[in-house]
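Please look through the structure below with its ligand in view.

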Amino acid sequence: MKIGILGSGLMGGALGLALSQAGHDVAFSYARDQDKLERLARRANGTAVSVAQAVERADVVLLAVHWSNLDDVLSRAGDLHEKTIMTCCVPLNAANTQLVVGLKESGAELLARKVPEARIVAAFQTTPSEVFA
Ligand SMILES: NC(=O)c1ccc[n+]([C@@H]2O[C@H](COP(=O)([O-])OP(=O)(O)OC[C@H]3O[C@@H](n4cnc5c(N)ncnc54)[C@H](OP(=O)(O)O)[C@@H]3O)[C@@H](O)[C@H]2O)c1
């Protein structure tokens with residue numbers, strides 16, 4: 001499958017490399033350092049692209065940004081109609097000390113309200129990035 005990764009940090013990078021090893025075609029986006037995206041792309045035999053390009057080509061979008069970056073990354077995503085978005089995001093405050101969503105609604109449910117045109121799957125929220133290697 002073509003996987004578009006939005007957020008290429010600890011989770012996006014590790015999952016992208018693992019997905020590539022499993023035979024998927026991965027495109028990395030959304031980091032402040034373009035060299036980092038390109039290094040990841042080389043390691044995964046994938047590509048370094050913009051957020052909109054990652055979404056456009058994707059069968060599945062992996063959303064792996066800090067919760068505080070959610071609106072920014074969605075604003076760059078373009079058309080998410082009928083896209084499947086797999087989110088590993090935990091709705092934490094900037095200091096990562098407290099949930100900012102819950103306990104009556106999940107981050108994934110809130111995301112589904114923000115992008116009702118997409119299909120949302122929540123995964124890996126309780127899996128530390130270190131284990132994917
Ligand atoms: N880390 C874990 O073990 C873990 C486990 C389960 C769930 N989660 C959740 O997964 C999500 C991602 O966590 P993470 O640890 O992978 O975070 P991270 O390492 O900080 O990665 C976030 C990515 O977003 C990019 N970014 C941040 N601000 C940006 C901006 N203004 N413009 C463009 N790119 C920007 C970062 O770019 P740079 O690379 O340039 O910094 C980085 O590539 C979070 O919601 C977290 O709660 C994390």
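A pocket is defined on a 1 Å grid over the protein atoms alone, as an open set of points with protein on both sides within 12 Å along at least five of seven lines. A molecule sits in a pocket if more than half of its atoms lie within 2 Å of its grid points. The space taken by the ligand is the largest pocket.

The model is a predicted one, in which local features need pLDDT of at least 70 and side-chain atom pairs count only at pLDDT 80 or more, while totals for chains, interfaces and linings use all residues. Residues are numbered from 1 along each chain as its sequence is written, and side-chain values use heavy atoms, with hydrogens and water left out.

Around the ligand there are 21 residues, and the closest are Met11, Arg32, Lys36, Val65 and Ser129; a residue is near a molecule if one of its heavy atoms lies within 4 Å of it. By class, eleven residues of this shell are nonpolar, seven polar and three charged.

Polar contacts are pairs of N or O atoms within 3.5 Å. A polar backbone atom of Ser129 is 2.8 Å from an oxygen atom of the ligand. For Cys88, a polar backbone atom is 3.5 Å from a ligand oxygen atom. Asn69 places a polar side-chain atom 3.5 Å from a nitrogen atom of the ligand.

Gln34 belongs to helix α2, residues 34-43, where a helix is a DSSP run (H or I) of at least four residues, numbered from the N terminus. The C-alpha atoms of Gln34 and Glu117 are separated by 30 Å, with the two residues 83 apart along the chain.

Note on methods
A polar contact is a pair of N or O atoms within 3.5 Å; within protein, one must be able to donate a hydrogen and the other to accept it, and residues adjacent in sequence count only if both atoms are side-chain atoms. On a 1 Å grid over the protein atoms alone, a cavity is a set of points where a 1.4 Å probe fits but cannot get out, and a pocket is an open set with protein on both sides within 12 Å along at least five of seven lines; lining residues have an atom within 4 Å of a point. Ala, Val, Leu, Ile, Met, Phe, Trp, Tyr, Cys and Pro count as nonpolar, Asp, Glu, Lys and Arg as charged, and the others, Gly among them, as polar. Helices (H or I, at least four residues) and strands (E, at least two) are DSSP runs, numbered from the N terminus.
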